[in-house]
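Biologist: Could we go through this structure together, one topic at a time? I would like plain answers, please.

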Amino acid sequence: MQRHRSKATILSILSMGLGQIYNRQFIKGVIFLLVEAWGIFYFSGNLGRSLWGIVTLGDAPRRLVKGKWLDGDHSIFILVQSLITLLFFVLFIILYIMNVRDAYKTAQNREKGIKPNSFKQSVRYIMDYKFAQSFLSLPAIGILFFTIMPIIFMIMLAFTNYSAPNHIPPAKLVDWVGFQTFRDLLTLKTWSHTFFGVLSWTIIWAILSTFTTYLGGLLVALLINQQGIKFKGLWRTILVIPYAIPQLISLLVMRNMFNGQFGPINQYLGYLGLGGLPWLTDPFWAKVTVIVVNMWVGIPVSMILIMGVLTTIPKDMYEAADIDGASGYQKFRIVTLPMILFSTAPTLIMQFAGNINNFGAIYLLTNGNPVVGDYQYAGATDLLVTWLYKLTLDQNKYNMASAVGIIIFLIIATFSIYNYRRTKSFKEEDMIQ
Amino acid sequence: MSGRKVKKGFRLGLSYIILIIMSVVAIYPALWVLLGSFRSGKSLYSKTLIPESLTLDHYRELFHSKSILFGQWYMNTLKIAILSMIIGVLLTLLTSYAVSRFRFRGRKTALSTVLILGMFPGFMSMIAIYLLLKEWHLLDTHLALIIVYAAGAPLGGTFIAKGFLDTIPRTLDEAAKIDGASNWMIFTRIILPLSKPMITYLALTQFVGPWVDYIFARLVLRTKENWTLAVGLYDMVASNQNTNFPAFAAGSVLIAIPITILFIFLQRLLVDGLTSGASKG
């Protein structure tokens, strides 16, 4: 009785759907056959070219034919088209394997004397037992094309010489160069000076901005939560307003407020008899400004978080401390602070990681300026992300930008994975119920 | 005894003073913009906080000027925000329902992948998405933005939503299953009604996105009629040739008001959403 199995398998390898038809699952078989037909139609035209494209990135430069410029291969389009085709091909192969497996299994069941599922039964089976996988396929395709494909593309760019002024299609071709970009970034004096300068400011910024907002939030939360303070809800609502206003608006407004010539801040300083400060134009003061403004934006979030934790601290811990004769400060140091730190530690780490990538705060406020003379296209307040943005959209140094992007990703991923691995929801997620 | 009382009074007084100062700092920028939008003239500079003469001209200008198509942008943004919100929330809920309730091969890998992918600097992928949209002839269309925002939603929301769904007792599902409910029925009749707070949170965050995204939208939308509010507003500040501060202020007010009101009304839900990562973490 081996024959069903081998026949069905061979048929389904020959063409999708034949095995299913052999197993008398006609509707399923026809669906698979249609997929196969589409696949042959699509890939016969594209697959060969995309393999050629991804290896060579095009080989015909723009050239002069009979006195007219004839466009050559556009390397970057070729790269993207090849990537899309190859992704479709991977999906197709997965489907093909599923088809062979399905034909094999059904045939196996037939040998055991079990009747193959009708189309209705198959659908029911999928809805009951393969529910999660079939549900996930839709978001998965979205993620595949709008997240994974772009990331692969970006990683590939780091290994090409796609950058202005010498390698911008369609005028010029782009080539694979291996690790040359990374080597330039880390060892070439002009690039490495900028890179390490921006990197160190990014880290200083991330540390300072995370701690100032956290401490500020802690202070405000404790102030409001004190015994004897009235209108707690009102204070909370007022202080949460900066969080409710969209950052795009509040930061652009701040940019106007700190304007050195016409902004109100310097105007008020003038009334007090003090000279105005170059808030956004001096390298040092610009850094101070972004930290201060970020406190304004970030303190409410920490405040909300910490107030949430404060309500969860059991009262009896304070009572026990009272019996032991602890002073207010001791109660804070021994009960409140450890409890807060314990429950907000994961958020703190995520905020730190988020601040490394805090594009909006810098870009909207200072644009990364003031410009630093010996930097490559970066300013004093530029973070790695905003530098990356400038490299990409303003300077078209795509390969360098991609290399920087990969480095940022490595830094952030390390933090987040470490953080995630040690959280309870990952380790013991089935313990909750 | 009285010494202690004085000390306490002093402490409370100081706290009130600090709170008042902080409240002023918190509200001041909003107030400044609001009052600035009623100011006549075009300059940023103003002698006093409260302008000498109040005018609604700048609001009128927003809707009648040839260079600022505010009404059009408002409708564009609203359309994109609502559609991408509906699709995005649905995708996120499906994803989180699947990973919260079902155990299948590759589940943990999928979860970690989603987490790691979420950490890529967003606009690194912009060039590739731009080329992809060009390939599919979707540049300068709202459909492109809706697709990209919605497809990105599961990356941001799945973890929070999954954490929430994990807290809905699984005995409910099992009871329904014994009564013969299919997975789809369990999802629509049990999970969806119970996760209203989470849906509100996801919907709000997803809804706000298009209102404030000025980077990607600016790249995709080329013609002025198709712009969203964020692109238009950023353009008003960034293009230096016609700085018109009060008009910018009026535009800011009109964008900020609906979102700020939504946030303040849904404060409690947002707090739950924010802390659900922390406390269960």
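**Chain A and its aromatic pairs**

Modeller: Of the 433 residues of chain A, 49% count as buried, where buried means under 20% relative accessible area, exposed over 50%, and partly exposed in between (1.4 Å probe, protein chains only). This is a predicted model, in which local features need pLDDT of at least 70 and side-chain atom pairs count only at pLDDT 80 or more, while totals for chains, interfaces and linings use all residues. Residues are numbered from 1 along each chain as its sequence is written, chains are lettered from A and ligands numbered from 1 in the order in which they are written, and side-chain values use heavy atoms, with hydrogens and water left out.

Biologist: How many helices and strands are there in chain A?

Modeller: Chain A has 18 helices and 2 strands; these are DSSP runs (helices H or I, at least four residues; strands E, at least two), numbered from the N terminus. The radius of gyration of chain A is 31 Å, well over the 22 Å that the globule rule gives for 433 residues, so chain A is more spread out than a compact globule. That radius is taken over C-alpha atoms, and the rule is 2.2 Å times the number of residues to the power 0.38.

Biologist: What does the C-alpha trace of chain A span along its principal axes?

Modeller: The spans are about 90 × 80 × 35 Å.

Biologist: Where are F92(A) and Y96(A) in chain A?

Modeller: F92(A) and Y96(A) are 4 residues apart in helix α4 (residues 75-111), which separates them by about one helical turn. F92(A) counts as buried at 11% relative accessibility, and Y96(A) counts as buried at 17%.

Biologist: And what about Y243(A) and F263(B)?

Modeller: Their ring centres are 5.7 Å apart and their planes at 85°, so this pair is edge-to-face. Y243(A) lies in helix α9 of chain A and F263(B) in helix α12 of chain B, so the pair joins two chains.

Biologist: Lastly, which peptide bond is cis?

Modeller: The bond from N369(A) to P370(A) is cis, with omega near 0°. P370(A) is in the loop between α15 and α16 of chain A.

How values were computed
Rings of Phe, Tyr and Trp (its six-membered ring) pair if their centres lie within 6.5 Å; planes under 30 degrees apart count as stacked, over 60 as edge-to-face and the rest as tilted.
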